Amino acid sequence: MEAVLFYIFAIGVVVAGAQVVLRRNPIYGAVSLVACFFFLAGIYVLLSAHLIAILQVMVYAGAVMVLFVFVIMLLNLKEEELGEMHVTTMKGIGLAAVLVLVGFIAWKALTPVQFARDMAVNEQIHGFGGVKAVGNVLYRSSVLPFEVTSLLLLVAVVSAVVIAKGKI
Amino acid sequence: MGNLPSLRYFWPESILTVAVMAMFVQDLVVRRREHRVQSLTIGALFWLTLTALATYLYPSGTTPLFGGLIVHDPLRVFFAWIFLAAALLTILIVPKSKQVSDARVGEFFGLLFALMLGLYLMASATDLLMVYLAIEMVSLVSYVLTGFRRADRKANEAALKYVIYGGVASGVMLYGISILYGLFGTTRVVGDGGIGAQLADVSSRLFMAHAFGGQPAAQLALVVAVVFVLAGIGYKIASVPFHMWCPDVYEGAPTPFTAFLSVGPKAAGFAVAIRFFFAIFEKNVPGVGWVAVSDVPWPAIIGIISAITMTLGNFTALVQTNLKRLFAYSSIAHAGYLLMGLAAASAAGVQSILVYLMIYVLMNVGAFLVVISVSRATGGEHIADLNGLGTRAPIAALTLSIFLFSLTGIPPFAGFTGKYLIFAALVQKGGMWNVILAVIGVLNSAVSLFYYAKLIKAMYFEESRDDTPMPVPGLYTGILVSLGAMVMVLGIYWAPLLRWASAAFGGTTAT
Amino acid sequence: MMTIGPVHYLVLGAILFTLGAAGVVLRRNAVVVLMSVELMLNAVNLTFLAFSRFPLVQNAPMQGGILQGHVAVFFVIATAAAEAAVGLAIIIAVFRSRTSINVDEFDSLKF
């Protein structure tokens with residue numbers, strides 16, 4: 001069952017992710033990205049990350065992507081402004097390097113790693129990945145990053161207004 | 001140390017947080033008043049003074065804070081003073097620079113304080129997650145302040161380039177962090193059970209070798225993850241190959257912020273690099289000093305990057321005509337010089353970095369201040385705009401010459417101190433490659449003399465179209481003279497600064 | 001039926017990261033480039049969560065324990081949102097001054 005769901009979600013993620021990169025019109029890309037995020041949320045549920053899966057849907061697929069779609073609509077690009085794929089030798093080499101590097105880690109280096117507590121984590125921590133368990137860690141040992149993030153969001157709001165507002 | 005007791009060590013950061021909000025509020029309150037720039041500047045100086053006071057009153061000693069997310073130690077305090085110096089100069093320079101419109105000074109100061117908070121956290125973070133958040137704080141504000149002159153096309157494009165490069169760099173760095181988290185089960189770098197401790201522990205290393213199929217070469221995931229994290233740090237200090245954003249951003253940003261950007265975030269990047277490097281790659285053996293932990297020759301790799309960085313920076317600077325781009329490439333070259341100190345992998349090397357960074361703040365901000373003075377009078381930022389400065393504004397010209405000679409590293413000036421200490425640390429470490437690296441550094445300094453001398457030639461030997469005296473605000477003259485004096489003094493009498501730097505790092509114990 | 005282990009998730013993360021990197025490198029439209037950066041960050045999140053669910057053999061989890069990975073993802077999501085907001089604001093500013101957001105058409109800043 002897990003395997004079936006994993007492959008459905010994984011194929012969804014990869015196909016939708018590829019659409020983001022390949023689609024010429026950014027609005028299709030944005031919608032594909034929303035789909036990609038939903039599939040990822042499914043993957044997160046398989047990983048028992050229930051809180052993060054909800055956040056993924058609400059924050060990413062909800063808030064952030066609405067922002068993207070809104071900006072794409074606002075810019076209202078004409079056909080000739082959309083921009084083609086642009087491949088040069090340097091870019092090709094760079095991309096190949098990334099591919100080789102990341103592929104190498106994924107297959108060669110990580111495959112023989114022994115994961116000991118396979119599948120057993122759920123039983124070890126009560127409510128693994130739930131609001132209570134994650135919240136405990138978040139508000140006890142990570143309270144400083146939490147506060148820093150709140151200031152970061154304030155700064156981001158002010159920054160966005162400073163940069164994008166029309167008249168002062 | 002737990003969360004609440006840690007707050008005692010967290011006063012400057014708390015004050016900076018309040019200052020961010022206070023500046024935004026003050027900006028709204030004084031919106032329609034006269035003298036609003038003056039009142040905002042006084043407000044900013046007030047908060048900065050308060051921060052400096054709290055930094056001065058830091059308890060001494062080394063303590064992990066917030067359960068090991070950040071650490072309070074002398075190194076952090078040293079970097080805090082570097083940031084404070086840079087911020088003080090920036091706040092003083094901004095109001096008269098004509099680069100930030102009067103209506104937006106409050107926002108500029110508020111964001112600058114947020115940037116300062118990020119820098120403070122970068123200098124003390126011992127957890128990769130905290131490093132990431134601090135870098136993100138610094139980057140986010142930097143994007144905005146780069147694009148602060150919204151009407152300016154160059155500023156907008158520079159900001160967009162910066163966002164894209166920065167987003168990719170932080171994405172790559174995060175990927176490295178996530179793999180490190182997987183390999184070690186923690187994002188903590190320093191401290192018990194942290195990545196550094198696990199790597200220094202022999203049994204843990206045996207496990208690593210075993211986990212990857214028993215071949216030494218199969219530590220690939222670890223190496224790649226570390227390289228990814230180093231990419232994020234290299235991006236902040238603008239070392240090759242992550243330097244591409246640097247010239248564009250320096251040119252597009254308002255010049256007072258360019259001056260800050262060239263010293264503040266760069267210094268903070270080095271703070272992160274120093275902590276990361278000495279926690280993961282090296283182990284302090286009592287009586288012997290720092291010895292390498294990893295089989296991978298990291299100091300040599302950093303040495304090679306350093307050589308490439310300074311050579312590329314210096315040679316590209318040779319052909320620049322825009323002053324800000326020229327100083328951008330010069331700052332890339334300086335990142336290369338500073339990396340030499342890291343390549344030395346010794347306490348002396350780090351102390352030389354600290355001394356050089358402090359001196360670099362004085363001379364680089366000074367040089368930018370002359371550029372600002374010239375551009376506010378002539379409206380241009382090209383080498384040709386310096387023509388005849390020797391007669392039009394003798395003090396500015398004289399101090400710029402001092403800063404330029406200092407940046408080159410010519411003896412009686414402070415830059416020589418820094419470079420001398422770096423080369424000495426390399427030679428002291430011994431080994432043929434270190435000596436070769438030092439020789440490359442000396443040759444690069446010789447190359448840099450060419451383009452710095454070009455500016456001096458323009459100031460004293462080129463005719464300018466108008467010979468009327470150039471108005472330089474009294475405040476600027478005062479800052480220039482005092483910075484010039486400090487550069488002169490530190491070139492001759494650097495013992496106190498070196499003592500301070502030694503106290504900041506020499507006594508640091510192993511993780 | 002074949003069991004799904006950590007490597008499956010990690011490989012999926014690697015593929016996603018590569019897709020994002022490809023988008024950044026190949027596409028010229030700044031909005032699409034930003035979306036590709038989001039893809040990269042999601043690959044990071046997936047890797048964090050996979051390692052959080054399937055920890056390595058002898059990592060004695062630090063305080064905070066195995067769920068540290070979930071907390072990391074929480075922060076990444078928050079900062080990604082902040083970065084997207086600022087990035088899009090800058091895109092709007094650029095669009096106002098030039099009416100094009102193609103990265104390659106920026107020529108006022110020479111190399």
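**View 1. A:A16 sits in helix α1 (residues 2-22) of chain A.** This is a predicted model: local features need pLDDT of at least 70, side-chain atom pairs count only at pLDDT 80 or more, and totals for chains, interfaces and linings use all residues. Residues are numbered from 1 along each chain as its sequence is written, and chains are lettered from A and ligands numbered from 1 in the order in which they are written. Helices (H or I, at least four residues) and strands (E, at least two) are DSSP runs, numbered from the N terminus. Is A:A16 buried or exposed? A:A16 is buried, because 22 other C-beta atoms lie within 10 Å. (Buried means 20 or more other C-beta atoms within 10 Å of a residue's own, exposed means 12 or fewer, and partly exposed is in between; C-beta atoms are placed from the backbone.) Leaving out residues up to four places away in sequence, A:A16 touches A:S32, A:A35, A:C36 and A:F39. (Contact means that the C-beta atoms of two residues, placed from the backbone, lie within 7 Å.) A:V34 is 18 residues from A:A16 along the chain, and their C-alpha atoms are 8.5 Å apart.

**View 2. Helix α7 of chain A covers residues 143-164.** Its 22 residues reach 32 Å from first C-alpha to last, close to the expected 32 Å. (The expected span is 1.5 Å times one less than the number of residues.) Buried residues of α7(A) include A:L144, A:V148, A:L152, A:V155 and A:I163.

**View 3. Helix α2 of chain B covers residues 11-29.** Its end C-alpha atoms are 26 Å apart, which agrees with the 27 Å that 19 residues should span. Among its buried residues are B:P12, B:I15, B:L16 and B:F24. B:E13 and B:D27 are buried too. The cover over the buried residues includes α7 of chain A, plus α3 (36-56), α4 (74-93) and α5 (105-124) of chain B.

**View 4. Helices α15 (residues 347-378) and α17 (residues 394-408) of chain B cross at roughly 145 degrees.** Their axes come within 9 Å. (Axes are lines fitted to C-alpha atoms, for helices over the stretch in contact; angles run from 0 to 180 degrees between N-to-C directions.) From α15(B), the contact uses B:M363, B:G366, B:A367, B:V370 and B:S373. From α17(B), the partners include B:A396, B:L400 and B:F403. The contact has 8 nonpolar residues, 4 polar and no charged. (Ala, Val, Leu, Ile, Met, Phe, Trp, Tyr, Cys and Pro count as nonpolar, Asp, Glu, Lys and Arg as charged, and the others, Gly among them, as polar.)

**View 5. Helices α7 and α11 of chain B also cross at roughly 145 degrees.** Their axes come within 8 Å. Residues in the contact include B:K154, B:E157 and B:Y162 of α7(B), and B:W245 and B:D248 of α11(B). The contact divides into 7 nonpolar residues, 1 polar and 5 charged.

**View 6. Chain B meets chain C.** Here 39 residues of chain B contact 42 residues of chain C. On the chain B side, α6 (128-146), α7 (153-184), α9 (202-211) and α11 (245-252) each supply at least two residues. The most come from α7(B), with 20. That side has 19 nonpolar, 12 polar and 8 charged residues. Chain C itself has 3 helices and 0 strands. Of its 111 residues, 74% are buried.
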